[in-house]
Amino acid sequence: MILFHFNTILKLHNKRLIKKWLNDACIEEGCKIGDLNYIFCDDEYLIEINKKYLNHNTLTDTISFDYSNKHLLSGDIMISVPRVVENAKKYNVEFKHELYRVMVHGLLHLLKYNDKNKAEKELMQKKEDYYINKII
(Lines give C-alpha, C1' and ligand atoms only; values in the text may rest on other atoms or scores of the structure.)
Protein backbone atom coordinates (compact mmCIF):
# COMPACT_ATOMS: atom_id res chain seq x y z
CA MET A 1 0.00 0.00 0.00
CA ILE A 2 1.31 3.43 -0.95
CA LEU A 3 0.25 6.38 1.19
CA PHE A 4 0.93 10.07 0.72
CA HIS A 5 1.31 12.36 3.74
CA PHE A 6 1.53 16.12 3.50
CA ASN A 7 3.31 18.35 6.02
CA THR A 8 3.45 21.18 3.49
CA ILE A 9 1.24 22.80 0.90
CA LEU A 10 1.27 20.50 -2.09
CA LYS A 11 -1.54 19.30 -4.28
CA LEU A 12 -0.66 15.94 -5.71
CA HIS A 13 -2.77 15.31 -8.78
CA ASN A 14 -3.41 11.87 -10.28
CA LYS A 15 -2.64 9.97 -7.07
CA ARG A 16 -4.05 6.75 -8.52
CA LEU A 17 -1.81 7.04 -11.60
CA ILE A 18 1.26 7.81 -9.46
CA LYS A 19 0.58 4.83 -7.18
CA LYS A 20 0.24 2.54 -10.20
CA TRP A 21 3.45 3.94 -11.67
CA LEU A 22 5.40 3.32 -8.44
CA ASN A 23 3.87 -0.12 -8.01
CA ASP A 24 4.71 -1.05 -11.62
CA ALA A 25 8.32 0.08 -11.09
CA CYS A 26 8.58 -2.18 -8.04
CA ILE A 27 7.15 -5.13 -9.92
CA GLU A 28 9.57 -4.52 -12.79
CA GLU A 29 12.43 -4.52 -10.26
CA GLY A 30 11.22 -7.85 -8.82
CA CYS A 31 9.55 -6.58 -5.64
CA LYS A 32 6.11 -6.13 -4.20
CA ILE A 33 5.09 -3.09 -2.20
CA GLY A 34 4.31 -3.54 1.47
CA ASP A 35 3.84 -0.31 3.42
CA LEU A 36 5.33 2.61 1.53
CA ASN A 37 4.87 6.15 2.81
CA TYR A 38 5.73 9.32 0.93
CA ILE A 39 5.99 12.26 3.31
CA PHE A 40 6.06 15.69 1.64
CA CYS A 41 7.53 18.31 3.95
CA ASP A 42 9.53 21.53 4.15
CA ASP A 43 13.29 22.04 4.46
CA GLU A 44 13.21 22.60 8.21
CA TYR A 45 11.48 19.29 8.88
CA LEU A 46 13.75 17.31 6.59
CA ILE A 47 16.98 18.85 7.90
CA GLU A 48 15.94 17.92 11.45
CA ILE A 49 15.36 14.33 10.31
CA ASN A 50 18.70 14.44 8.52
CA LYS A 51 20.49 15.62 11.68
CA LYS A 52 18.67 13.32 14.08
CA TYR A 53 18.85 10.03 12.18
CA LEU A 54 21.71 10.43 9.70
CA ASN A 55 24.00 12.91 11.50
CA HIS A 56 24.05 15.18 8.42
CA ASN A 57 23.56 18.93 8.75
CA THR A 58 22.70 19.56 5.11
CA LEU A 59 19.68 20.29 2.98
CA THR A 60 18.53 17.45 0.77
CA ASP A 61 15.62 16.77 -1.52
CA THR A 62 14.80 13.27 -0.29
CA ILE A 63 15.63 10.80 2.47
CA SER A 64 14.61 7.15 2.45
CA PHE A 65 14.20 4.89 5.46
CA ASP A 66 14.11 1.23 4.51
CA TYR A 67 11.94 -1.23 6.46
CA SER A 68 11.81 -3.85 3.68
CA ASN A 69 11.68 -7.57 4.26
CA LYS A 70 13.01 -9.78 1.44
CA HIS A 71 10.84 -9.05 -1.62
CA LEU A 72 8.30 -6.93 0.26
CA LEU A 73 9.34 -3.30 -0.12
CA SER A 74 8.43 -1.07 2.83
CA GLY A 75 9.72 2.27 3.97
CA ASP A 76 9.34 6.00 4.38
CA ILE A 77 10.42 8.39 1.64
CA MET A 78 10.56 12.00 2.81
CA ILE A 79 10.62 14.73 0.20
CA SER A 80 11.36 18.42 0.72
CA VAL A 81 8.97 20.32 -1.55
CA PRO A 82 11.09 23.53 -1.46
CA ARG A 83 14.13 21.52 -2.63
CA VAL A 84 12.06 20.09 -5.49
CA VAL A 85 11.04 23.62 -6.48
CA GLU A 86 14.65 24.82 -6.39
CA ASN A 87 15.95 21.79 -8.29
CA ALA A 88 13.30 22.20 -10.99
CA LYS A 89 14.51 25.77 -11.52
CA LYS A 90 18.17 24.75 -11.38
CA TYR A 91 17.76 21.96 -13.95
CA ASN A 92 15.20 23.89 -16.02
CA VAL A 93 12.48 21.22 -15.80
CA GLU A 94 8.85 21.34 -14.77
CA PHE A 95 8.07 20.91 -11.08
CA LYS A 96 6.10 17.74 -11.84
CA HIS A 97 9.09 16.20 -13.64
CA GLU A 98 11.42 16.93 -10.72
CA LEU A 99 8.86 15.68 -8.21
CA TYR A 100 8.57 12.38 -10.07
CA ARG A 101 12.37 12.17 -10.20
CA VAL A 102 12.78 12.43 -6.44
CA MET A 103 9.84 10.09 -5.85
CA VAL A 104 11.40 7.37 -7.98
CA HIS A 105 14.88 8.20 -6.64
CA GLY A 106 13.71 7.41 -3.11
CA LEU A 107 12.05 4.24 -4.34
CA LEU A 108 15.26 3.16 -6.09
CA HIS A 109 17.17 3.58 -2.83
CA LEU A 110 14.71 1.22 -1.16
CA LEU A 111 15.33 -1.16 -4.07
CA LYS A 112 19.02 -1.11 -3.05
CA TYR A 113 20.34 1.25 -5.73
CA ASN A 114 22.99 3.66 -4.47
CA ASP A 115 24.54 6.88 -5.72
CA LYS A 116 27.80 7.09 -3.78
CA ASN A 117 30.21 6.90 -6.72
CA LYS A 118 30.19 7.86 -10.40
CA ALA A 119 29.10 4.45 -11.73
CA GLU A 120 26.27 4.18 -9.17
CA LYS A 121 25.13 7.74 -9.95
CA GLU A 122 25.05 6.98 -13.67
CA LEU A 123 22.99 3.83 -13.14
CA MET A 124 20.64 5.66 -10.76
CA GLN A 125 20.12 8.45 -13.30
CA LYS A 126 19.43 5.94 -16.08
CA LYS A 127 16.86 4.20 -13.89
CA GLU A 128 15.26 7.54 -12.93
CA ASP A 129 15.01 8.57 -16.58
CA TYR A 130 13.64 5.18 -17.58
CA TYR A 131 10.84 5.27 -15.01
CA ILE A 132 10.06 8.98 -15.47
CA ASN A 133 9.52 8.31 -19.17
CA LYS A 134 6.82 5.83 -18.18
CA ILE A 135 4.71 8.49 -16.45
CA ILE A 136 5.43 11.72 -18.35
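The model shown is predicted.

**Exercise 1.** Describe how H3 and H4 pack against each other.

*Solution.* Start with the geometry: the axes of H3 and H4 lie 9 Å apart, at an angle of about 120°. Next, classify that angle: angles from 65 to 115 degrees count as roughly perpendicular and those over 145 as roughly antiparallel, so H3 and H4 are oblique to each other. The crossing of H3 and H4 is right-handed. Now look for the residues: Val81, Val84, Val85, Asn87 and Ala88 of H3 touch Phe95, Glu98, Leu99, Arg101 and Val102 of H4. Sorted by type, this contact has seven nonpolar residues, one polar and two charged.

**Exercise 2.** Find which residues join H1 and H4, and sort them by type.

*Solution.* Begin with H1, which spans residues 15-28; its axis and that of H4 come within 11 Å and cross at roughly 35°. This crossing is right-handed. H1 supplies Ile18, Trp21, Leu22, Ala25 and Cys26, while H4 supplies Tyr100, Met103, Val104 and Leu107. Sorting them gives nine nonpolar, no polar and no charged residues.

**Exercise 3.** Locate the largest pocket and describe its lining.

*Solution.* The largest pocket has a volume of about 880 Å³. Of its 28 lining residues, Asp61, Thr62, His105, His109 and Asp115 are the closest to the centre. Elements giving two or more residues to the lining are H2 (43-54), S3 (62-66), H3 (81-90), H4 (95-110) and H5 (118-132). Finally, the lining divides into six nonpolar, 11 polar and 11 charged residues.

Terms used
Residues numbered from 1 in each chain as written. Predicted model: local features only at pLDDT ≥ 70, side-chain atom pairs only at ≥ 80, totals over all residues. Heavy atoms only, no water. 1 Å grid on protein atoms, 1.4 Å probe; cavity = no way out; pocket = protein on both sides within 12 Å on 5 of 7 lines; lining within 4 Å. Points joined across faces, edges and corners; volume = space filled by probe spheres on them. Helix = DSSP H or I, 4+ residues; strand = E, 2+ residues; numbered from the N terminus. Nonpolar A, V, L, I, M, F, W, Y, C, P; charged D, E, K, R; others polar. Axes fitted to C-alpha atoms, helices over the stretch in contact; angles between N-to-C directions. Left-handed = near helix turned anticlockwise from the far one by under 90°. Contact = heavy atoms within 4.5 Å. Parallel < 35°, antiparallel > 145°, perpendicular 65-115°, else oblique.
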